[in-house]
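Please look at the sequence and structure first.

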Amino acid sequence: MMEERIELEAFLEVLQILELNYDRVLPDLITSIWYSEFKYYDQVVLEKAFIECIKEYQYFPTIKQVHDKMIDKYHGATRI
């Protein structure tokens, strides 16, 4: 079983980067889905992906768009 790399409280702080930038607060149910998708990633990697999304997308990104920002397009691996 994989070990969580980011605690819920730290994840919520990082998620605020998106929420504040897009002036949108995710409902608790959606937030729990996002956390279950990203809890195994390093906090720094996740934060960088969120910032990359802000640079590119006019609207709040999807989980897939965030995942896509975490992939190194040259090596196919999650950015570290």
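## Ile 54

The model is a predicted one. Ile 54 is found in helix H3.

Leaving aside residues up to four places away in sequence, Ile 54 touches Ile 17, Leu 18, Asn 21 and Tyr 22. Val 66 lies 12 residues from Ile 54 along the chain, and the C-alpha atoms of the two are separated by 9.9 Å.

## Helix H3

Helix H3 covers residues 43-56, which is 14 residues. From its first C-alpha to its last, H3 reaches 20 Å, close to the 20 Å expected at 1.5 Å a residue. At the start of H3, the backbone nitrogen of Val 44 has a side-chain oxygen of Asp 42 within 3.0 Å.

Which residues of H3 are buried? They are Val 45, Leu 46, Ala 49, Phe 50 and Cys 53. These residues cover an arc of only 135 degrees around the axis, so they sit on the same side of H3. In general, an α-helix has 3.6 residues a turn, so residues three or four places apart point the same way. The cover over the buried residues of H3 includes helix H1 (8-22), helix H2 (28-38) and helix H4 (63-70).

## The nonpolar core

The largest nonpolar core has 22 residues. Those touching the most other members are Phe 11, Trp 34, Phe 38, Leu 46, Phe 50, Val 66 and Met 70. Two or more residues of this core come from each of H1, H2, H3 and H4. H1 gives the largest share, 6 residues.

Phe 50 is one of the buried residues of H3. Not counting residues up to four places away in sequence, Phe 50 touches Phe 11, Val 14, Leu 15, Ile 17, Leu 18, Trp 34 and Val 66. Ile 17 and Leu 18 are also among the residues that Ile 54 touches.

## The whole protein

How many helices and strands does the protein have? Its secondary structure comes to 4 helices and 0 strands, and along the sequence the pattern reads α-α-α-α.

The protein has 80 residues, and 35% of them are buried. Its accessible surface comes to about 5700 Å², with 53% of that belonging to carbon and sulfur atoms. Among contacts with a separation of 6 or more, 67% are between residues 24 or more positions apart.

How values were computed: Residues are numbered from 1 along each chain as its sequence is written. This is a predicted model: local features need pLDDT of at least 70, side-chain atom pairs count only at pLDDT 80 or more; totals for chains, interfaces and linings use all residues. Side-chain values use heavy atoms; hydrogens and water are left out. The expected span of a helix is 1.5 Å times one less than its number of residues. Buried means under 20% relative accessible area, exposed over 50%, partly exposed in between (1.4 Å probe, protein chains only). The arc is that of the directions from the helix axis to the C-beta atoms. Contact means heavy atoms within 4.5 Å. A polar contact is a pair of N or O atoms within 3.5 Å; within protein, one must be able to donate a hydrogen and the other to accept it, and residues adjacent in sequence count only if both atoms are side-chain atoms. Accessible areas come from the Shrake-Rupley method with a 1.4 Å probe; for residues, only the protein chains shown count as cover. A nonpolar core is a set of buried Ala, Val, Leu, Ile, Met, Phe, Trp, Tyr and Cys residues joined through side-chain atoms within 4.5 Å.
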